[in-house]
Structure formats: C-alpha cells, structure tokens
Amino acid sequence: MLLELIATCCLIVSFIPLLASVASLVSPLLSKKLRVPCIPRRWPIVGNAFQLPMNRCHIIFSEWSKRYGAVFEVKLFNEKIVVLNDYDSIHEALVQAGSTFAGRPRMHRTDQKERCKNSIVWQTYTQKLVLLRKEVHRSLKMYGPGLQTLEDVCKPELEFLMDKIQEMGNKPFDPSGIFFDSVCNVMLYFLLGLRFQSCSREIETIREMSKLFNETFGAGDGKRLDVIPWLRFGQNEETRRLEKALGIRDCLWDSLVKRHRMFSEKSVIGHLQTLKGEGSDIDDNTIKECFTNLILAGVDTTATSLSCLILILLNNRHLQTQIQMEIDRVFPDGSFPALSGRHHTPFIEAVILELLRYISHVPLAVPHSTLENASISGYHIDAHSTVYMNLWASHHDESVWPNPWKFDPSRFLDDRGSLHGPQHPSRKRLLVFGAGRRVCLGETFAKNRLYLFVTVLLQRFTFVPEDPGTLPEVDPRSYDLGLVLHPKPFRVKAIIREQKS
Ligand code: HEM
C-alpha cells in the first residue's frame, strides 16, 4: 500500500514539468491571447543571432518592426527577447501594466560581484530597490530649494569650464572631454560632497571606467557575454573588458573610502551611509553599487547630449543664432542664466526636447523583465521574459514624428512659439527617460543641468567647425552603440561673444 502511494506520488511529480509547459502553451489560447510573433529564419542553437549585428541592433529592430509589427520576439542563442517598438506598446508596458514589467532579467554580466542584488539599475523589482530609489530621489532634492543648490554647484564648475574654453583661444578642441569633466564634477559633488580638479586621477579613472562600462553593459556587442555561454570561459576580449571595468571600479571606490571614510550627510552617498546598520538592507556593497550606477548613468548621458547638441548646431547655424537671441532677451545683461528663466525660454526648451528625441541616446533603455504573465497589444508574454523597450524606434516613428531624421525643435512649439504643455501628444510621446516604476532617477536633475550648461555655453561662445569638411555624420544612425550612443569624435572652435551690458 505504502509502496503504491509512493509510486503514485513519484508519477505525479515527474509529470509536473510537462504539465507546466502544457499549461504555459494553453493559457494564452484559453484567454484568446496570441503568442508574440517570432522573427523568422531562426536557426537551431543560434536563433536570430546571425541576422542581428549587435552594434546596430536598435536600428535593425526598428526596421523589423515595419515588417513584422511593433511587438515581436527574437532569439539569441538560449535567450528569447520580446521587443516593443512603438509608443503604445511601451506605454502599455511601463505605465498601464503597473509593476508587471518593472523587473530586470538575470544576466551573466550583472551577476558578477552580485551587482544584480545590490545595484539600482540592475536589480529586479524588490523592496530593497524601492527603498534605494526613494532614498536617492530624496537626497538628490530636485525640487524647491534643491534647484538653487544645483545652480550653486553648477556655477563655479561652469565658470571653470568657460575659462578653459577661453584659454583655447582660436585653437580647435574636442568638446567631449571637457564636457565630461565638468558634468562629472557636478555629479561627484552631489554624490560625495567633494570637488575634484578636472584632470585629477579620480576623474581620469571615471572616464576610463565609463568607457569600459558603456562597451560592456550595453545592448550592443557586450551582450554576447550573456547569450554565448562559452565566451564566459577562458580569456577573450569581452571577459577581459568586464573584469577590467569592475577592477577599476573597485580600486576607485576603495581609495575614495580609505581617504574619506564617511561622506557628507548632505550628499547622496553620505545619506546612504547613515542608513547602514543592523537589520538594514543597505550595506557597503550596496553603497558601492549605487555610487557606480549614479556616476555612470549621471555623467556620460548628459556629457554626450551636450557634445551632440554642439555637433547639431555646427550643422544648423541658424538654430545657434536663434538660441543666442533668446538668451540675450531673457538674460539681457549677460547675467548667469538661472533655472527660473526656463519658463521664458521656450525655444531652448524645445531644442533640448528635440535633442533628446533626435539622438535617443539610450536607445533600448535598460532591459526589463516581466514579474508575472502579462499581455501587450493583445499578445501574451510569459512571466520572467526579457523585454526591450525600443525608445529609438518610438522616437523615430514616422506616423508620430513626420520627417523623423530632421532636427526640428518646432515639433514642441505652437504657432506663437510657446512650448506645448506636458499633455500635448508630442510631449507625452517623448519617453527618453523611460516611464513608470523604473523611470530614470535623474530625469529632473538631468534636464535642469542640461539647461544650465546649454544656456551658459551659448551665452558666452559661438561654436564653429574646425573645418566643415571634417565633421562626422550628425545623423544619430551613424553613432556607436554601447549603453549610450556616441557620435564619432570631432573638433570645434569657440568664438567669444561680445557681452552686451
Ligand atoms: C540626458 C540624460 C539622461 C537620460 C537620457 C537618461 C535615460 C535613462 C533611461 C532610458 C533609463 C532606463 C529606464 C528604464 O529602465 O526603462 C535610465 C535609468 C536610470 N537613470 Fe537615467 N538618464 C539620464 C540621466 C541620468 C542622471 C543625471 C542620473 C543620476 C542622477 C540618472 C540615473 C539613472 C538611474 C539610477 C537609472 C536606473 C533606474 C532603475 O533601474 O530603477 N540618469 N535613465
């Protein structure tokens, strides 16, 4: 009798995996939901890998969406990825579906040093993540008097930047390096409460680290480490880069902590240090990861936007003149532009919004994962599926943005030159910072800092190309894909404008 019972139990247990897979196939059918269409010509083992050059995958996904629809699935070796390619599907996933799409997938790259358990960017949707987001948001203080702090911190940094550009005289220079230094110093002040020299060892290290992390953790070539299992063994370029990136990060963090131990309580990292303690989820590794996330997410994105804007203005001189006319009207005595001026400079606001749309330089956001079974545009998506939000495709969708490859700030302006309100379709459909539970933590910070840098730079200088014949492509389809898209390097001359007093 007992043996019979055990045998029956074993039989039932051995059927569970089979029943589970049958259930997962049948459940979408029962609920009349379709399976997400797969990109055809999947090969055994490699799936769609041979059809998808990873360094251009955002562009290829956009092309496929015109042929196969806005929602489709690709398979890269063992990993299946659902890609959402238009505003409706992305908005449905990020905003209407609540927290269902707020997870992050497990990836080999982010499993290293348990980054997926401690980081903000790479951690799935847990209570710890919600706490970290709340505390970082609170300590960035991007409201009320906090905005004055941003101005106060940016001012000396911008004055230093202006002096540096002025020292160049008539000599051409690559703007990306000096923009990186200034933006990085503002970020370091918010994170640690410290200022560094622009060519200090710390800033040089962050520059190197940023380049390596960008190449390693993006959706481009670095993705191969997740999907091609044998790359993880032995020495190869991808593994070496991953190890180097994490090694440099650890050295930088150890030396900062050794020298300063506790950071100012007013700073983001100093605030997190005060929350450390018994029973708390926040430990030293978590704080190190948060520092890494914020310094990498908060510098390269903004510094690259500034470089791209200069490149665009070199190709559109009339826009530069229009911006300068608005600056001279609103800050007539050459006074330091203030954030309170934002309401009076609709053209600059429109230029910044169009810049972020046009370059869409975080093209696939950060990979999401479903926490439970879900549905998008009537398609069933299994729990724990990896989902890419193709912001790039959505921001260059011809049916929403006529002539999408034209840089045209008037998309965001009405007939009288006023900025469209936040509820206008052009504003609502711009999702450069993502949306919902995993929306970028630095959205307000980034927009305000970008505004200050743009207005101060163009108040003081007119930018002209070193030689118009040597400028790289301005079209973002030619930019290199990492986590962030970068234009090819270029050089520029800055001509000092006469101060009107
Ligand atoms: C132009 C500048 C920036 C752009 C375009 C940008 C864009 C994005 C995007 C698209 C995401 C992914 C959202 C998603 O997962 O769906 C993201 C995440 C994030 N960003 Fe930004 N970002 C910018 C600046 C910043 C700044 C200045 C900071 C820090 C102060 C920052 C911190 C973060 C963090 C921590 C996350 C991860 C949020 C999470 O996973 O919960 N970003 N950003």
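**Figure 1. Contacts and overall dimensions of the protein chain.** In this predicted model, residues 24 or more positions apart account for 74% of the contacts in the protein chain that have a separation of 6 or more. The chain contains 18 helices and eleven strands. Its C-alpha atoms fill a box of roughly 100 × 55 × 45 Å along the principal axes. Of the 501 residues, 41% count as buried.

**Figure 2. Helix H13, residues 284-315.** H13 has 32 residues and spans 47 Å from its first C-alpha to its last, close to the 46 Å expected at 1.5 Å a residue. Because 28 of its 32 residues are buried, H13 is largely enclosed by the rest of the structure.

**Figure 3. Surroundings of the ligand.** The ligand is surrounded by 23 residues, of which Gly298, Thr301, Gly434, Cys440 and Gly442 are the closest. H13 gives the largest share of this shell, seven residues. Helix H18 (443-460), like H13, supplies at least two residues of the shell.

**Figure 4. The four-stranded open sheet.** The strands follow the order S2-S3-S7-S4, with mixed pairing. Strand S2 (71-76) and strand S4 (368-369) are the edge strands, each pairing on one side only. Strands of a sheet pair through backbone hydrogen bonds, in either a parallel or an antiparallel manner. S4 and strand S7 (residues 386-389) run antiparallel and are joined by two bridges. His368 stands opposite Val387 in S7.

Figure 5. Most residues other than glycine have a negative phi. Ser360, in the loop between helix H15 (346-359) and S4, has a positive phi near 35 degrees. Ser360 has 24 C-beta neighbours inside 10 Å and therefore counts as buried, the cut-off being 20 or more. Ala365 is also placed in the loop between H15 and S4. Its phi is positive, at about 50 degrees, although Ala365 is not a glycine. Ala365 is buried as well, with 26 other C-beta atoms within 10 Å.

Definitions and conventions. Residues are numbered from 1 along each chain as its sequence is written. This is a predicted model: local features need pLDDT of at least 70, side-chain atom pairs count only at pLDDT 80 or more; totals for chains, interfaces and linings use all residues. The expected span of a helix is 1.5 Å times one less than its number of residues. A residue is buried if 20 or more other C-beta atoms lie within 10 Å of its own, exposed if 12 or fewer, and partly exposed in between; C-beta atoms are placed from the backbone. Two strands pair if DSSP finds at least two bridges between them. Two residues are in contact if their C-beta atoms, placed from the backbone, lie within 7 Å. A residue is near a molecule or strand if its C-beta atom, placed from the backbone, lies within 6 Å of it.
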